[in-house]
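User: Hi! Could you walk me through this model, one question at a time?

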Amino acid sequence: MTQRMLHTRRLTLVPLADEHLELEIELDSDPEVMRYLTGRALTRAEVERAHHRRRAAARKVPGLGFWVGFAEDGFVGWWILQPPHGPDQPNIAEEADLGYRLLRRRWRCGYASEGAKELIRYGFTDLGLNRIFGQTMAVNTASRATMSAAGLSFVRAFISAGANDDAVSGAEQGEVEYDITQAKHRRGEAALRTQASSGRTRLAG
């Protein structure tokens with residue numbers, strides 16, 4: 001299955017393409033956006049290299065990759081659902097790493113969790129994944145709250161085995177992982193359908 005366009009109530013998620021490079025540069029050049037990732041803004045050359053890595057990620061497993069998100073009034077940020085990678089993510093089939101990065105002016109609007117929920121639905125329903133997880137720095141309370149809002153639960157705290165040349169404030173406190181399984185997602189969807197049905201019954205009565 002090829003990566004495809006996705007939609008939520010407020011967002012259109014478009015597979016990352018070369019035409020989106022300038023949007024990535026806008027996003028990654030904000031030091032506050034990059035605070036818990038590199039601790040600094042990225043240069044244009046660094047974003048260009050990251051862009052090529054992101055495009056390559058979409059070729060590893062059919063259907064997985066990066067999406068650029070747009071609301072009615074323009075660019076919001078990007079979301080990822082990619083194969084496990086790196087020293088802290090064992091390469092297990094039918095699992096995927098969830099992530100997101102939004103423009104600062106789009107923070108606290110519910111967009112991050114809205115896009116994440118759609119990727120979770122897509123990953124389990126359309127791609128047949130068994131588990132979706134996300135990782136962030138322990139001190140990144142906003143990202144942790146987004147994962148919880150999207151339905152993921154805390155799994156573990158750990159010290160990253162990866163090398164990072166950038167000094168990121170709070171890195172000494174380690175990282176955390178959250179996840180959701182297909183079985184848990186199905187139970188949640190079933191509970192929502194039951195609540196909706198119950199609500200219609202009360203209205204009819």
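User: Glad to start. What should I know about the model and its numbering?

Analyst: This is a predicted model, where local features need pLDDT of at least 70, side-chain atom pairs count only at pLDDT 80 or more, and totals for chains, interfaces and linings use all residues. Side-chain values use heavy atoms, with hydrogens and water left out, and residues are numbered along each chain as its sequence is written, starting from 1.

User: At what angle do helix 1 and helix 2 pack?

Analyst: Two packed helices are described by the angle between their axes and the distance between the axes. Axes here are lines fitted to C-alpha atoms, for helices over the stretch in contact, and angles run from 0 to 180 degrees between N-to-C directions. Helices (H or I, at least four residues) and strands (E, at least two) are DSSP runs, numbered from the N terminus. For helix 1 and helix 2 the axes are 10 Å apart and the angle is about 125°.

User: Which orientation class does that give helix 1 and helix 2?

Analyst: Angles under 35 degrees count as roughly parallel, over 145 as roughly antiparallel, 65 to 115 as roughly perpendicular, and the rest as oblique. The angle here is about 125°. Helix 1 and helix 2 are therefore oblique.

User: Is the crossing of helix 1 and helix 2 left-handed or right-handed?

Analyst: A crossing is left-handed if the near helix is turned anticlockwise from the far one by less than a right angle, and right-handed if clockwise. Helix 1 makes the contact through Leu21, Glu22, Glu24, Ile25 and Asp28, and helix 2 through Arg44, Val47, Glu48, His51 and Arg54. The crossing is right-handed.

User: Which side chain is joined to that of Glu24 by a polar contact?

Analyst: Glu24 sits in helix 1, residues 21-28. Contact means heavy atoms within 4.5 Å, and beyond four places in sequence Glu24 touches Leu16, Val47, His51 and Arg54. A polar contact is a pair of N or O atoms within 3.5 Å; within protein, one must be able to donate a hydrogen and the other to accept it, and residues adjacent in sequence count only if both atoms are side-chain atoms. At 2.7 Å, the partner is the side chain of Arg54.

User: Is His51 buried or exposed?

Analyst: His51 belongs to helix 2, residues 44-57, and touches Leu16, Ala17, Asp18, Leu21 and Glu24, leaving out residues up to four places away in sequence. Buried means under 20% relative accessible area, exposed over 50%, and partly exposed in between (1.4 Å probe, protein chains only). Because its relative accessibility is 2%, His51 is buried.

User: What distance does the polar contact between the side chains of Asn130 and Glu94 have?

Analyst: Asn130 is in the loop between helix 3 (111-126) and strand 6 (131-137), while Glu94 is in the loop between strand 4 and strand 5. The two are 36 residues apart along the chain, with C-alpha atoms separated by 5.5 Å. The side-chain polar contact is 2.5 Å.

User: What is phi of Glu94?

Analyst: Most residues other than glycine have a negative phi, and most peptide bonds are trans. Glu94 is partly exposed because its relative accessibility is 45%. Although Glu94 is not a glycine, its phi is positive, at about 65°.

User: Is Arg108 buried or exposed?

Analyst: Arg108 is in the loop between strand 5 and helix 3, and has a positive phi near 60°. With a relative accessible area of 81%, Arg108 is exposed.
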